[in-house]
Amino acid sequence: MKSKMIGIIGVFLLSFLILIGVFAEQIAPYSPYQQVGANFQKPSSAHILGTNDIGQDIFSELIYGTRNSLLVGALSASVAMMIAVLVGVISGWYGGAADRLLMKITTFFLTIPFLPAVIILAAFTKGSLWSMSIILGLMSWPGVARVLRSATMEIKGSSYIKIIQGMGAGDVYVLTHHVLRELVPLILYRAVTRVKSGILSEASMSFLGLGNPVAKSWGSIIYYAQAKNALLTGAWVWWIIPPGLCICLVSMSLMMITYSLEAKSDVRVESGL
């Protein structure tokens with residue numbers, strides 16, 4: 001019951017942030033790409049979080065940044081999970097030569113240092129939101145694939161799967177109607193963790209100046225604040241803390257959801273379902 005309540009709170013917080021991103025145009029008081037005030041204005045009734053170094057409204061940047069940051073996290077997780085499910089399930093189910101080949105590919109990707117590879121690829125692709133999402137997804141699937149491979153092998157060896165196969169069911173039917181259904185809790189759990197990692201990775205890349213300089217995201221807001229020496233002035237209070245709190249809030253909501261999903265997965269395993 002406790003884990004369920006924690007999960008509900010996490011879903012509520014995440015849904016709140018998603019709604020902000022979806023309705024960013026209606027919520028933001030100004031366009032985040034236009035100069036709407038004097039440079040480095042302090043918070044006021046006209047500008048809740050003040051303005052940046054070129055007179056753009058920071059609150060509007062924060063609202064639009066919610067959409068882009070969540071979008072990168074969702075897209076990168078989608079790319080990673082599609083590859084991981086495909087590789088993990090095929091490798092674990094068929095074994096043999098297919099398993100050896102796919103695991104060699106997986107091991108190769110695991111040996112590539114994540115951060116240096118992402119930095120190099122982001123520099124070559126100029127860090128657009130779409131390219132950043134694809135890069136993060138391509139570099140984060142191997143660990144999940146190995147977990148899904150092990151889970152698939154365990155399901156394949158269960159007695160009820162052997163009975164279904166003995167009744168003449170083909171591989172495609174068993175995989176789509178039984179194996180993948182059994183893997184859903186694990187896939188959801190890993191997908192949510194990948195969303196969190198994607199958001200944090202995008203924020204890190206943007207903070208290093210490797211993101212799209214035009215696109216608004218929480219990481220890019222912090223990057224420009226640091227570049228304009230906000231830490232040396234009082235501007236850090238309204239320029240750096242708000243996007244940092246947003247990153248913490250979405251990470252906390254996703255961690256709460258994963259905690260609930262993990263608890264459900266444990267119950268599923270213990271009950272033998």
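Modeller: Helices (H or I, at least four residues) and strands (E, at least two) are DSSP runs, numbered from the N terminus. This is a predicted model, where local features need pLDDT of at least 70, side-chain atom pairs count only at pLDDT 80 or more, and totals for chains, interfaces and linings use all residues. Residues are numbered from 1 along each chain as its sequence is written, and side-chain values use heavy atoms, with hydrogens and water left out.

Biologist: OK, how many helices and strands does the protein have?

Modeller: Twelve helices and zero strands.

Biologist: And what does the C-alpha trace span along its principal axes?

Modeller: About 75 × 45 × 30 Å.

Biologist: How much of the protein counts as buried?

Modeller: Buried means under 20% relative accessible area, exposed over 50%, and partly exposed in between (1.4 Å probe, protein chains only). By that rule, 46% of the 273 residues are buried.

Biologist: Which residues of helix 10 are buried?

Modeller: Helix 10 covers residues 218–227, and its buried residues are W218, G219, S220, I221, I222 and A225. After helix 10 comes N229, with a positive phi near 60°.

Biologist: New topic. Is T258 buried or exposed?

Modeller: T258 is buried, because its relative accessible area is 10%. T258 sits in helix 12 (residues 241–271).

Biologist: What does T258 touch?

Modeller: Leaving out residues up to four places away in sequence, T258 touches Y189, V192 and T193. Contact means heavy atoms within 4.5 Å.

Biologist: At what angle do helix 4 and helix 7 pack?

Modeller: Helix 4 (residues 96–111) and helix 7 (residues 142–156) pack at about 145°, and their axes are 9 Å apart. Axes are lines fitted to C-alpha atoms, for helices over the stretch in contact, and angles run from 0 to 180 degrees between N-to-C directions.

Biologist: Which residues make that contact?

Modeller: Helix 4 gives D99, M103, T106, F109 and L110, while helix 7 gives P142, G143, R146 and R149.

Biologist: Back to the surface. Which residues form the nonpolar patch?

Modeller: I18, L19, V22, F23 and I27, with about 430 Å² of accessible area together. Such areas come from the Shrake-Rupley method with a 1.4 Å probe, and for residues only the protein chains shown count as cover. Patches are made of residues with over 30% relative accessible area and no salt bridge; like charges are joined within 9 Å, nonpolar side chains (Val, Leu, Ile, Met, Phe, Trp, Tyr) within 5 Å. A salt bridge is a side-chain nitrogen of Lys or Arg within 4 Å of a carboxyl oxygen of Asp or Glu.

Biologist: Where is I27 found?

Modeller: In helix 2 (residues 24–27). I27 is partly exposed, because its relative accessible area is 37%.
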